[in-house]
Structure formats: structure tokens, C-alpha cells
Amino acid sequence: MGVVAERLERAGVYWITTVRDSGRPHITPLIGVWLGDAMLFCTGGQEQKARNLAGNPAVALTTGTDALDRGIDVVVEGDAVVLRDEEALRVAAEAWAAKYGETWRFEVRDGAFHHADGGAADVYRVAPRVVFAFGKDPYSQNRYTF
């Protein structure tokens, strides 16, 4: 999964799909980090995706390119679990700042990320159940199970 893991590490934007109480999907862009063997993302407790995850932890995270004939598109499926361990959160906060710059530096306290602007966010870890990679030159599809 080397090339796929590299793509997940380098991606600047991911799209997350969660499921509303009604069963309808909710899709939104976000930033995140591939750290070790899992995707991490954060969101405020009042955001729609957080409310969806409270009822159903199943997610799909996607990244890739809108080009038809080059690149790799990747889909990570799994369950989002809130990360509360403060040492793991500090490692994650450093990964966010290293990837996205000082604008995205978080302080870790009370089991969450806190931003200088006063906002707080829970961090979610998605250990992949399955990862799909779609190549475009040549066209291909690979499935990785965990």
C-alpha cells in the first residue's frame, strides 16, 4: 500500500461522508492527516458530521484528483472513534502543524484540540476496514483489507 499511503499522507483536502439520522448521506470537505496506520480528522461538536457520528460511526474518507487521465483516487472506509489520549493528540497536533502550517496549530487539553481563536474540536481516528485505490494511467482498481 506504499503509493496509496503516500497519497493519503500528501493530500491537502479529503472529503468525508457520514450518515444522517434519516439515513441520507452528508458529504463535506475537510483537512486531516494519515498518521501511522489511520486517518485522523477533527470537527467541532456542533457540526453536522459530529452529530452524525454520534449516531453512526461509519465513514468514508476520499481524496484524489479531478483529472480523468492521471493520478490516484483513494477511498478509506471505517469507523470514526474519538481520540482522547492526550499524548496521541499531541503527536496529531504536531502532524497537523507540520502539514498545514502554523494556522492549524492546536493546543491539546481536556482530550481535544483547542485553537487560538477559542474553538475546540474533537479528533477522530479512522482505522481502515477497507481502502480502495483507483489508478488512471493505466486505469486500475485495488482493494486493501485490514
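This report walks through the nonpolar core, the aromatic pairs and a surface patch of a predicted model.

## The nonpolar core

Let's start inside. The largest nonpolar core has 37 residues, and F41, W96 and F113 are the members that touch the most others.

F113 has contacts beyond its sequence neighbours (residues up to four places away are left aside), among them C42, L89, W96, F106 and V123.

## Aromatic pairs

There are six aromatic pairs in the structure. In one of them, F41 and Y124 are stacked, because their ring centres are 5.2 Å apart and their planes meet at 10°. F41 belongs to strand β4 (residues 38-43) and Y124 to strand β9 (residues 120-136), so this pair ties together parts that are 83 residues apart in sequence. Y124 is buried, with a relative accessible area of 6%.

W96 and F106 make an edge-to-face pair, with 6.4 Å from centre to centre and 85° between the planes. Here W96 comes from helix α3 (residues 86-100) and F106 from the loop between α3 and β7 (107-109), so the parts tied together are 10 residues apart in sequence. F106 is buried too, at 11% relative accessible area.

## A nonpolar patch outside

Now to the surface, where V13, W15 and I27 form a nonpolar patch with about 300 Å² of accessible area together. W15 sits in strand β1 (residues 14-19) and is partly exposed, at a relative accessible area of 42%.

How values were computed: Residues numbered from 1 in each chain as written. Predicted model: local features only at pLDDT ≥ 70, side-chain atom pairs only at ≥ 80, totals over all residues. Heavy atoms only, no water. Core = buried A, V, L, I, M, F, W, Y, C linked by side-chain atoms within 4.5 Å. Buried < 20%, exposed > 50% of the residue type's maximum accessible area, 1.4 Å probe, protein only. Contact = heavy atoms within 4.5 Å. Patch = residues over 30% accessible without salt bridge, like charges linked within 9 Å, V, L, I, M, F, W, Y side chains within 5 Å. Areas by Shrake-Rupley, 256 points an atom, 1.4 Å probe, with all protein chains shown as cover. Salt bridge = Lys/Arg side-chain N within 4 Å of Asp/Glu carboxyl O. Helix = DSSP H or I, 4+ residues; strand = E, 2+ residues; numbered from the N terminus. Phe/Tyr/Trp six-rings, centres within 6.5 Å; stacked < 30°, edge-to-face > 60°.
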